[in-house]
Each structure stands twice: as C-alpha cells, then as structure tokens.
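Here is a short tour for a first look. Keep the model in view as you read.

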Amino acid sequence: MNFTQSFRLALKSLSTSKMRSLLTMLGIIIGVAAVIIITSLGHGMQVYMNEEFESLGSNQVDAMIVGDNDSSRHVDIEDMFALVDRYPQYLSGVTPEHRASLIVRHGADEFTRTTVKGVGETYYSVERGTTMNGEKLAKGRFLSYVDAQRQQSVCVVGAYLEREAFGGNALGKTLTLSGVPFTVVGVMDEYADVTEGSGDDVVYIPYTLAARLSGTSSSEYLFAATSRETAPAAKGLVERELFKIFQDSDRYVVLTAAEMMDAMNTMLDLLMTILTLIAALSLLVGGIGIMNIMLVSVTERTREIGIRKSLGAKPKNIRWQFVIEAGTTSAIGGVLGIGFGILAANLLTWVLSMALGSENSFRAVPTLSGILVAFGVSVAIGVLFGYLPANKAAKLNPIDALRYE
Amino acid sequence: MEHLIEFRDIYKIYHMGDSDVHALDGVSLTVDQGEFVAIVGQSGSGKSTAMNIIGCLDVPTSGSYYLGGVDVSTMDDDQQAEIRNKMLGFIFQQYNLIAKLNVQENVELPLLYAGLSGEERRTRAVAALERVGLADKRKNLPSQLSGGQQQRVSIARALAGDPSVILADEPTGALDSRTGREVLAFLQQLNAEGNTVILITHDNSIAVKAKRIVRLQDGRVIYDGPADDPRAVVQPEEQEEAAV
C-alpha cells in the first residue's frame, strides 16, 4: 500500500462526509487565512514604508540633542555649518529643525495645535522637489538662504492653514507668531489628511527667527550626506563633533535614514511575528479539531479496521492510512485558507486604496514564503495531530475490532 | 508428510475477574492440505477461539501452532499480518465488506496489502469475481447486492489472495436456507478443486457437509473423525443440554 493509494483512499473517505470534513477543516482554514492576511499586510506595509523612506532621501543623517540644550554646553548652528564646510566629500548640507513654541494667530483665530518649525534653506531640496520630510511645495517658494541670514519675517504654511485660515488663498497674506507678523511666501502641498494637528498643520519660518523668538536653540539637526554610501561616514563625523561639544555620548542620538528604516523594519518584523504567532494559535486549535474528529472516525471505523487487519493490513498500514487522512484534511484546509487569505488581502488593498485615495500605493501582497510556510505548517499540524488517533487505530486488536458493533 | 495446520497442546486462558476461563484446554489437532474440516460446538465450546488462533487473529496462552510448518504462535503483529495476508482467506458470517468501497475494491484489498501492482490486482480480482459469478457487479457497492451476493463477494475476496487455508466462520448464518446451501455447495466445490477449507459452525446440519468434523466442548476436542460417522452428530451431553 503506497502513498498514492492511501491518498486516494483519504480523499474518498473525506468526500463521503463533505460537511463534516469542511467543519473539521474550518479551524485550519481560518488559521491559515489569518496568517496569510497578516503576512500580506506586514509585507505590504514594509514595502510601502521603505518606498516612503526612499522618497525622503536615503542620504539623510538626523542628529537629536537629548536633555537641556541651554546649559554651558550647547550646539551652535555655525559649528554645524563649519563641519559641513570641512568635509564636503561627506556632507552636503545641514539645517536645524527647530520646533518653536510660538502662538499662531490669524486675525481673531488662534491655532493652538499648529507646529512651528525653524528650518534653513537646505530643508527643501529643489532637485528632488520635496522637503527632508517628503512634503512638496504647492505654491510660491520655500525659505531661502537670505531669509535666514537677514532674519526676514516670511513663512511657508501647510495645507491645513492654507484652507482654514486663508480660505485657500494664503500667498502674500500675513499671520502672527507670538505677535510678530510673518508674510506667507509659500504653501505646502497636502501631505497628511489636512486636519488640525496633522502634518499639514505646520508653519515653516527661518531658523534664526525661531531661535530668537523662542529664546532656545534647536535640538534637532538634519544633515544631508553626499550619497547613501557616505551616510555612515557622515554620521561618524557628526557624532565626533557632538562628542567634542558635550563630552558625553548620552546627550545626543545620531541616526542615518537607513538606520531608521532598519529600526522601523525590525519593529515591524517583531509586530508581524507576534501577530502571526497569535494567528498560528488558531492553527493549533484547528489541529485539535482534526484530532478530535479523527478519534471519532477511528471509533466509527473500528470494524473496518478489523476487516483490513484480518485481510493482512499491518499496524503501520493502518497508521499510515489515518495519518494521511488527517494530513490530507489539513492540507485541503490549508489550500482553502490560502485562497481565502489571498482574496481577503486583495479586498483589503482595495478597501485601503478607497479609504486613503488612489495616490496611495499601499498594497497587501501575499508573500510566497508566507504561503509556503502556511501550507507546510497546516500539513504538519494535520500529521502531528492525526498521529495519536492513527496510532490508536493501528494498535486495535483485530478480534475486538472485528466484533465491534 | 508435514501437516498444513498443527495444534500442539494449545491452551487459551482468559482471566475473568478472579477466575480463569479455559477457552481452549489442551487442544491438539492437525489438518492436512486438501481437507474440508468443520469445527463444531455450542457457544462457549471454544470454537471461536480456535478459529481466531487458526486465523492468526489471536495467540495461544501456551502450546504451539504450526501453519505450513512454521510456528506462528510466537510471531509479532507484523508477521501475523503477513501470514493472514498470504496464507489465510476469511469468510465471515456478516460478510465484512467495506461499505464505501465497491465490489472490486473490496476484493482487491488483500492484494493491496500484499503490495501487488494495480494492474495485477485488477486482473486477479476480476478472475476471483468471475469464479463466484459476480464479475458484472464489480462496480457496485456492497449495499446494492443481496446477502447471498455479498457473501459471494467475500468468498471472492478470500480467494483472490490464493490462500493455503479458507477459513469460514458461520458463513451461512446470515443467509436464508437456499442461499446458505448455495454457499456451502460453493465451499464444497472449492474443496473439490483442491483448496483446504475449515468451516466453523454450531449447526450440525451444516457441519455434515464437510468431510471431517472436529467437535469441541468446554475447550476440549470430544470428537475428531469423518463427518458420516453417527457419533459426529449425536452427542449424549448435547442432548442433555438441549433438554435442560
């Protein structure tokens, strides 16, 4: 009795009670579908985030100052410019990203949740057409070198303020920051969902003014390395410079975009692993369901087992028959689960693209490895949980089995 | 000449609570190639136990059982399965066909466990079904056949493996008398063709169709001789029991 015969026998035995077979498979179907959906979403999210990162420029190096920046040791922006000038082969520019707590007003309206960022002209790349955060300019211009040097009261506003404060016509208008009037010279494109407090609720002003009006210095500096390859070396240079200032490596954190991407991917991987394990729990439950039904099936077919033994079936033949039957059950369940999972992933992609707008390129893509692992695990679970009932069948005494009513 | 079947002082003892039940109490007997033996006895006489041991479905508590010159009483499960497959053909009272397999698949089962190829299984199963006159029903399910036909399928299944011994356990018990006679006639024909047939029954009128009768009572052989001897059928103790 070989594998194909056992397999055919298993299919026959499953098809004689379709409803029961389907219910037996249900746990496996749900478990496998859940694993496929989660891995698809995770993979899609990873691809999406990596694409976003690529669009920001993978040569970015981000330096964050931790703790009080106004003690005797503090970063002077001129030192940072000097650093860039000293190593033109590694660094091509730097800008503070100075989050200043200033009160934003337009006429009688106060915008308490608006973020005010003091930045330099390097923050916006003309070649790429985006800021270091990936925002695009919709109208007017971005802040210039001269704006920072002369501390000109000009600003660039986000799409939220453009709509809410200026009714879609902000260019040339004025708003006040802590009482100082600023002229709007540029408007950013929609970046987030144009709501209060979102990435669109923002005002960019020259970093020199941000420092003067807030009375603090920036705690974040964004460097542009000359290329992706020089980014790690650039990071080293920035770290060395900051250590010279603080004499304490706990006072700053320097990350390259690639590192941030890696950190993000690691976090995402961990999250996906946990979610997949939770989904895999339902596979375990499915396996127990299979074991349960197989035990019932062995009892129901005791007489058949006795007949087969009287005709010369060895214990291993009987064991093999039931193990293959359990494995086939879970394999079919696995295939159905994979089908449902892929279907659901595509449905989710469609729903998300509807919800986020068609420009959004998020796609839940089932991975081949996810599919193979889900299928392999489901077969393994069937075989594993089928073994106990199969062994019970194999060990039945032929006389007792033949006499069983 | 070597005996086909040889029981040497076989005991089978079951433990029932505190007492021991001697289902077989020192049975010795031999069966030669080509014989037609009926093992007869009341229920509880030990005939079923004897049939189980002959059929390698059970092992004796003590004593030796030689089948074809080989001691099978000490074999393990796998070896016994192989002996059942190669040397024994069973015919049961309840036919014992597998309901979800069709007639031909049922007949092929022992050949499947013997490891024969699909082509060879088909040829031999069809040949066996032709012998019992059911070749045209080979795609039917057992439930679509009459009792007599099902028993003929089970005979075909027993024949398909070309066994040394055909072991029939109350083969007519579930059949009406006319079909029962047909089945018995078929067993006689098989014996006439040279097959060794062992028939287990409680019914004297069936036992006399065999050539030789072995009568068991309380686990012991109380008669072993030709079927046409009056002592084979009439037993004083039996009449007494019947009277009680």
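Predicted model: local features only at pLDDT ≥ 70, side-chain atom pairs only at ≥ 80, totals over all residues.

Residues are numbered from 1 along each chain as its sequence is written, with chains lettered from A and ligands numbered from 1 in the order written.

Start with chain B. It has 9 helices and 10 strands, which are DSSP runs numbered from the N terminus (helices H or I, at least four residues; strands E, at least two). Its C-alpha atoms fill a box of roughly 50 × 40 × 40 Å along the principal axes. Of its 244 residues, 47% count as buried (20 or more other C-beta atoms within 10 Å of their own, these atoms being placed from the backbone).

Now find helix 5 (residues 147–160) and helix 6 (residues 177–192) of chain B. Their axes come within 10 Å and cross at roughly 20 degrees. The two helices are therefore roughly parallel (an angle under 35 degrees). Helix 5 of chain B contributes B:G147, B:G148, B:Q151 and B:I155 to the contact, and helix 6 of chain B contributes B:T179, B:E182, B:V183 and B:F186. Contact means C-beta atoms, placed from the backbone, within 7 Å.

Last, look between the chains. The contact takes 17 residues from chain A and 18 residues from chain B. On the chain A side, helix 9 of chain A gives the largest share, 5 residues.

Note on methods: Axes fitted to C-alpha atoms, helices over the stretch in contact; angles between N-to-C directions. Parallel < 35°, antiparallel > 145°, perpendicular 65-115°, else oblique. Contact = placed C-beta atoms within 7 Å. Buried ≥ 20, exposed ≤ 12 C-beta atoms within 10 Å, placed from the backbone.
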